[in-house]
Amino acid sequence: MAPSVLSFGSDSEHLEREQCRPVFAQHAGVVAILAEELADPAQRTKLRQAAGLL
């Protein structure tokens with residue numbers, strides 16, 4: 001399980017995450033740039049997935 005899930009709870013506990021995904025997808029270009037700034041490859045992957053880039 002990802003450390004962030006342990007710290008911040010699962011998607012089922014945070015329904016607002018589902019509302020965020022379309023916004024991430026709408027701004028996928030910016031999200032991709034932001035993802036490159038993250039040092040942790042797993043975090044980059046999660047951000048890209050949230051934006052529908054993977």
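Mentor: A nonpolar core here is a set of buried Ala, Val, Leu, Ile, Met, Phe, Trp, Tyr and Cys residues joined through side-chain atoms within 4.5 Å. Buried means under 20% relative accessible area, exposed over 50%, and partly exposed in between (1.4 Å probe, protein chains only). The model is predicted: local features need pLDDT of at least 70, side-chain atom pairs count only at pLDDT 80 or more, and totals for chains, interfaces and linings use all residues. Residues are numbered from 1 along each chain as its sequence is written, and side-chain values use heavy atoms, with hydrogens and water left out.

Trainee: Which residues make up the largest nonpolar core?

Mentor: In soluble globular proteins, nonpolar side chains tend to be buried together. In this model the largest such core has five residues: Ala-28, Val-31, Ala-35, Leu-47 and Ala-51. Helix α3 gives the most to this core, with three residues. Helices are DSSP runs (H or I, at least four residues), numbered from the N terminus. Taking contact as heavy atoms within 4.5 Å, Val-31 touches Phe-24, Leu-47 and Ala-51, leaving aside residues up to four places away in sequence.

Trainee: Where do the buried residues of α4 fall, seen down its axis?

Mentor: An α-helix has 3.6 residues a turn, so residues three or four places apart point the same way. In α4 the buried residues are Arg-44, Leu-47 and Arg-48. They fall within an arc of 100 degrees, so they line one face of the helix. The arc is that of the directions from the helix axis to the C-beta atoms. These residues pack against α2 and α3.

Trainee: How many salt bridges does a search of the whole structure find?

Mentor: Side chains of opposite charge can pair when their charged atoms come close. The criterion is a side-chain nitrogen of Lys or Arg within 4 Å of a carboxyl oxygen of Asp or Glu. The search finds one salt bridge. Glu-36 forms a salt bridge with Arg-48, their closest N and O atoms being 2.1 Å apart. Glu-36 lies in α3 and Arg-48 in α4, so the pair ties together parts twelve residues apart in sequence. Glu-36 is partly exposed, with a relative accessible area of 49%.

Trainee: What is the nearest side chain of opposite charge to Arg-44?

Mentor: Lys and Arg count as positive, Asp and Glu as negative; His and the chain ends are not counted. For Arg-44 the nearest is Glu-36, 4.9 Å away, and Arg-44 is buried yet has no salt bridge. Arg-44 lies in α4, residues 41-50.

Conventions. Helices (H or I, at least four residues) and strands (E, at least two) are DSSP runs, numbered from the N terminus.
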